[in-house]
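I opened the model and kept notes as I went. Each entry says what I looked up and what I found.

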Amino acid sequence: MSPAKLNVAVVGLGIGRQHITAYKALPEQFNVAAICSVDDRANREVSTEFSISTVLNDFDALLRLPEVDVIDICTPPMLHRPQILAALLAGKHVICEKPLTNSVNGVDEIIAAERQSGCRVMPIFQYRFGEGLQKLKYLVNTGLAGQPTAASVEVHWRRRADYYAVPWRGKFATELGGALTGHAIHALDMLTYVFGPVRGVFARTATRTNPIEVEDTAAVTFEHESGALSTMSVTLGSSIESTRHRFVYSDLVAESNTRAYSSSGDPWIFTPDRNDIAKSIETALASFDWKSRNHVLTSGKTSSAGSTLQGYTAPAGYEGQFTRFHTSLVRGDAFPVTLDDARNAIQLLTAMYYSAATGQFVVLPLPKTHEAIAGWHQ
Ligand SMILES: NC(=O)c1ccc[n+]([C@@H]2O[C@H](COP(=O)([O-])OP(=O)(O)OC[C@H]3O[C@@H](n4cnc5c(N)ncnc54)[C@H](O)[C@@H]3O)[C@@H](O)[C@H]2O)c1
């Protein structure tokens, strides 16, 4: 059993600042006990902005702080796997930004280390916790959506030269991949979260917008285990930035909003196939109750599943993932995003890159003997 209030240390202060903001919004669950980055200016700024007094520029020294329960890793991608392994060895729970690593073997090493450590690791996929996507997940789980048939996904974003001025971006050795690994990975997780696992994939990738080593454009087709088919279009060269998911099930069509960075949030449009289904869907959405899926009240008390307390809206994004992390850790339940979820994403990325490199349709799961199992860029 972990303590009710967790002391978290945030490592890396780019996107890490948004993580700190989310923890600060959950003061009954988290205390940001320390920050760590190799940028002294960022350390000073963040320390002042968020009133955090323990500031380090040495990750190993951070791991020696006995008061820290959770290490939240927001450093460049090539550091994630070694920092996760070191934090587990030091007896800390870990939250880690995407991507965890760049190979199925790498994620299996993390899974094995977690089992040995007695601590736990939660990968970040915060887009899962938007209200619109959660409503669809609810309709799918209650059987009201019917069978998945077809889906299309668009991730059309814009990244310019200034984005790649940061030295770790744009290279396989440090960013670990391009638009698929670093950007579309969220949309991909949203796809498999509600449409189910993938049994085969065909992908093409290209670099068409910036002079970088990694891909910034992709077109992918997926065959799901259910037999449903889906497609995904990705570019980092679109002057209109948007993200879009359209899911066709036998009994309804679900369409996301198209805001680039919050497409999982409300509003989503759910269009039933028939009048009789329309009533059931309307009733289900009217009674859609965050609380029964979230179990955490702003008062810091824990509700029982199915509680009907009024007036509580579960947070989305990072805050939504962190509050669920806290509840799961205290209860000993599965995390809202698991290492198996991250393994599935990394296996899918491996298959997509392998397909793009060879022109083959790649069948999942990849055998441990597969030539790309140790990484998509070796
Ligand atoms: N989930 C999302 O929506 C989302 C959004 C943006 C970034 N990210 C991910 O977050 C990670 C960081 O991205 P970013 O854009 O914030 O990068 P960034 O370059 O802006 O920040 C990286 C931070 O890590 C620190 N750092 C580097 N080496 C370190 C070390 N050895 N020890 C301690 N600190 C170290 C740097 O000082 C810096 O503060 C990446 O993996 C990225 O993919 C996720």
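**Salt bridges**

I began with charged side chains and found D251, D273, R274 and D276 linked in a network of salt bridges. I count a salt bridge when a side-chain nitrogen of Lys or Arg is within 4 Å of a carboxyl oxygen of Asp or Glu. Before going on I noted that this is a predicted model, where local features need pLDDT of at least 70 and side-chain atom pairs count only at pLDDT 80 or more, while totals for chains, interfaces and linings use all residues. Residues are numbered from 1 along each chain as its sequence is written, and side-chain values use heavy atoms, with hydrogens and water left out.

I then checked accessibility (buried is under 20% relative accessible area, exposed is over 50%, partly exposed is in between, with a 1.4 Å probe and protein chains only). R274 has 37% relative accessibility, so I listed R274 as partly exposed. D276 has 51%, so D276 goes down as exposed.

How many salt bridges are there by this rule? The count comes to 15. Another of them joins E45 and R17, at 3.4 Å from N to O. E45 is in helix 2 (residues 40-50) and R17 is in helix 1 (residues 16-24), 28 residues apart in the chain. Helices here are DSSP runs of H or I with at least four residues, strands are runs of E with at least two, and both are numbered from the N terminus. E45 counts as partly exposed at 34% relative accessibility, and R17 counts as partly exposed at 26%.

I also looked up R343, which forms a salt bridge with D108, the closest N and O atoms being 2.6 Å apart. This pair links distant parts of the chain: R343 is in helix 13 and D108 is in helix 5 (residues 104-117), 235 residues apart.

**Aromatic rings**

Next I went through the rings. A pair of aromatic rings is described by the distance of the centres and the angle of the planes. Rings of Phe, Tyr and Trp (its six-membered ring) pair if their centres lie within 6.5 Å; planes under 30 degrees apart are stacked, over 60 edge-to-face, and the rest tilted. The structure holds 14 aromatic pairs.

Why is the pair of F195 and F247 called tilted? The ring centres are 5.5 Å apart and the planes are at 40°, so the pair is tilted. F195 is in helix 9 (residues 185-195) and F247 is in strand 11 (residues 237-249), 52 residues apart. F195 is buried at 3% relative accessibility, and F247 is buried at 0%.

F325 and F335 have ring centres 4.8 Å apart and planes at 25°, so I noted them as stacked. F325 is in helix 12 (residues 317-331), and F335 is in the loop between helix 12 and helix 13 (339-358). Both F325 and F335 are buried.

I then looked for charges over rings (NZ of Lys or CZ of Arg within 6 Å of the ring centre and within 35 degrees of the ring normal). The charged end of R120 sits over the ring of F335, 3.9 Å from its centre. The charged end of K137 sits over the ring of Y193, 4.3 Å from its centre.

**Helix 9**

I returned to helix 9 and found ten of its eleven residues buried. Among them are H186, D189 and Y193. G196 follows helix 9, with a positive phi near 95°.

**Backbone exceptions**

Most residues other than glycine have a negative phi, and most peptide bonds are trans. I looked for exceptions. S51 has a positive phi near 55° and lies in the loop between helix 2 and strand 3 (55-56). S51 is exposed, with a relative accessible area of 65%. L176 has a positive phi near 80°, and L176 counts as buried at 6% relative accessibility.

A cis peptide bond joins K98 and P99, with omega about -15°. P99 lies in the loop between strand 5 (93-96) and helix 5. The peptide bond from L364 to P365 is also cis, with omega near 0°.
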